[in-house]
Amino acid sequence: MGGSWCHRERLSLYLVLGLLLPGWGSTFTIKCTKFGQHGVYPTLLDSVFDRKAFRPTANFSIPILINISFTLSAILGVNEQLQLLSSFLWLEMVWDNPFIRWNPEECANITKISVGTENLWLPNIFITEFMDVDKTPKGLKAYISNEGRITYKKPMKVVSICNLDVFYFPFDQQNCTLTFSSLLHTVDYMLLGMEKEVWEMAQTSRDIVQTRGEWELLGIYKATSKMSVGTSQYDQILFYVAIRRRPSLYVINLLVPSGFLVAIDALSFYIPAENESRAPFKMTLLLGYNVFLLMMNDLLPTSGTPLISVYFALCLSLMVVSLLETIFITHLLHLATTQPPPMPWWLHSLLLHCTSLRKWCPTAPQKGNKDVGLTLAHLSAVKEPVELAGKVPGPRKAELNEFPGSTRARQEDGAQKQHLVSLWVQFSHTMDALLFRLYLLFLAISVVTVVILWNT
């Protein structure tokens, strides 16, 4: 039994003799029965392997066909700043050597042998987008069939240029290219073909991809073209590798906290405008949002202007506008309660109209300021505020001069001032509610627009 095993091993070694030794225009068929039990002479093998410097073809006017395919086994990373894609793939190249033939029936049914690649002619196929040193390990093997078909597979870590578009980050999809071409042999000497269908390559790659990181493989697509350099043409196959970013990391760490802060800022409008803690609360939110953006800056792309940056700028602008609105309303309330100016007649008429049509007019979001609002009958019974503030009847003035301690006069003056204060307070609350509605409208439009853009 051991002798039979040794015999099969010798036969595998003998099959290498299918290479043509003395000539170029004919093939050589191995006859396994001609070899003795002492094996093949080492010098004869050396003569066979010396032919690796020449392109294996019986007619040099006919180009050799190299069929290629690859399996993408890992997406190692994407560098947005340098516009680079790092991946790991297995490249397979298949071609025919017309000088290798044997009959499996005469050679113990052996149909395939393995030979060190250092002893064979290898096609010089390059990836045009490759941006690193080829670190393919040495000492790889190639398989040779009994019909002279050579299959060579090699692992490659590919760092390639990729035109990245980060506008839709973190919901972006990238389409990177891998162009396989020979930079030494023109179309007169080498043609490229497909060993596998492109859908089969994509399906195999999706099944065996080993990384479950930031990127996932969507598909692989193919295009063929010729590359012209001067008067020479080179055959090439262009593969499009479509990948998509997994957005869960960025949604949890960027979009959700930002949404919470903006929602809290919107709800802060329900803090009464008279409350002194409303403005400090909004300033604290604004400061916290800036700190959040500084901490999460490392997660954002360093090149280009992604849509998420526009979204963050809109949120920051809304929070600043919200703070300015609070400062404006606080100033109005302070002015109304200390030195209320005369209210213009058109503003007084607009306030009366809004009060009469309350169901169509924005109402204040505060719930605890019912005592400062004026009813329609109360406001209608009051004279124009300009007249109340700017004119005092002559007899009344004489009466005040004649009776400086009159309680009734002081009460009427106080009531008139109180009416004016109430009008300005009512106007401040109406403006607060109106600006709050405009804030919500602009916020909703901005969020819907950004979401629609991300979905496209």
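Trainee: Which residue in S8 is the bridge partner of Trp90?
Mentor: Pro155 in S8 is the bridge partner of Trp90. Keep in mind that this is a predicted model.

Trainee: What makes S3 and S8 a pair?
Mentor: Pairing needs at least two bridges found by DSSP. S3 and strand S8 (residues 149–161) are joined by 13 bridges. They therefore count as paired. The two strands run antiparallel.

Trainee: And S2 with S3: how many bridges do they have?
Mentor: Eleven bridges, in the antiparallel sense. Leu72 stands opposite Leu89 in S3. S2 and S3 form a hairpin with four residues between them. In that turn, Gln83 has a positive phi of about 60°.

Trainee: Why is S3 said to be largely enclosed by the rest of the structure?
Mentor: Count its buried residues. Strand S3 (residues 84–96) has 13 residues, and ten of them are buried, so the rest of the structure largely encloses it.

Trainee: Where does S3 sit in its sheet?
Mentor: The order is S5-S7-S8-S3-S2-S10, so S3 lies between S8 and S2. The sheet is open and has six strands, with mixed pairing.

Trainee: What makes a strand of this sheet an edge strand?
Mentor: An edge strand pairs on one side only; here these are strand S5 (112–116) and strand S10 (190–194). Direction ignored, neighbouring strands of this sheet are turned by 35° against each other on average. S5 is joined to strand S7 (residues 141–145) by five bridges, and the two run antiparallel. Ser114 stands opposite Tyr143 in S7.

Trainee: Which sheet has antiparallel pairing and four strands?
Mentor: The open sheet with the order S6-S9-S12-S11. Its edge strands are strand S6 (126–127) and strand S11 (215–229). Each of those pairs on one side only.

Trainee: Which strands do the buried residues of H3 pack against?
Mentor: They pack against S2, S10, S11 and S12. Helix H3 (residues 198–208) touches strand S2 (64–79) and S10, at about 35° to the direction of S2. H3 also lies across S11 and S12, running at about 145° to S11.

Trainee: How do you know that the buried residues of H3 line one face?
Mentor: Start with the names: Met201, Ala202 and Ser205 are buried. Viewed down the axis of H3, the buried residues fall within an arc of 95°, so they line one face of the helix. Trp199 and Asp207, on the other side, are exposed.

Trainee: What span should H5 have, and what span does it have?
Mentor: Helix H5 (residues 278–295) has 18 residues, which at 1.5 Å a residue should span 26 Å. Its end C-alpha atoms are 26 Å apart, and that agrees.

Trainee: Which residues of H5 are buried?
Mentor: Arg278, Ala279, Lys282, Leu285, Leu286, Tyr289 and Phe292. Down the axis of H5, the buried residues fall within an arc of 145°, so they too line one face of the helix. On the other side, Thr284, Leu287, Leu294 and Met295 are exposed.

Trainee: Why is Cys315 called buried?
Mentor: Its relative accessible area is 3%. Buried means under 20%. Cys315 therefore counts as buried. Cys315 is in helix H6. Beyond residues up to four places away in sequence, it touches Ser258, Val262 and Tyr289. Cys315 and Leu261 are 54 residues apart in sequence, yet 9.0 Å apart in space, C-alpha to C-alpha.

Trainee: What share of the whole chain counts as buried?
Mentor: Of its 456 residues, 42%. The protein chain has eleven helices and twelve strands. Among contacts between residues at least 6 apart in sequence, 78% join residues at least 24 apart. The chain exposes about 25400 Å², and carbon and sulfur atoms supply 60% of that.

Key: Residues numbered from 1 in each chain as written. Predicted model: local features only at pLDDT ≥ 70, side-chain atom pairs only at ≥ 80, totals over all residues. Heavy atoms only, no water. Buried < 20%, exposed > 50% of the residue type's maximum accessible area, 1.4 Å probe, protein only. Contact = heavy atoms within 4.5 Å. Areas by Shrake-Rupley, 256 points an atom, 1.4 Å probe, with all protein chains shown as cover. Expected span 1.5 Å × (residues − 1). Arc of directions from axis to C-beta. Axes fitted to C-alpha atoms, helices over the stretch in contact; angles between N-to-C directions.
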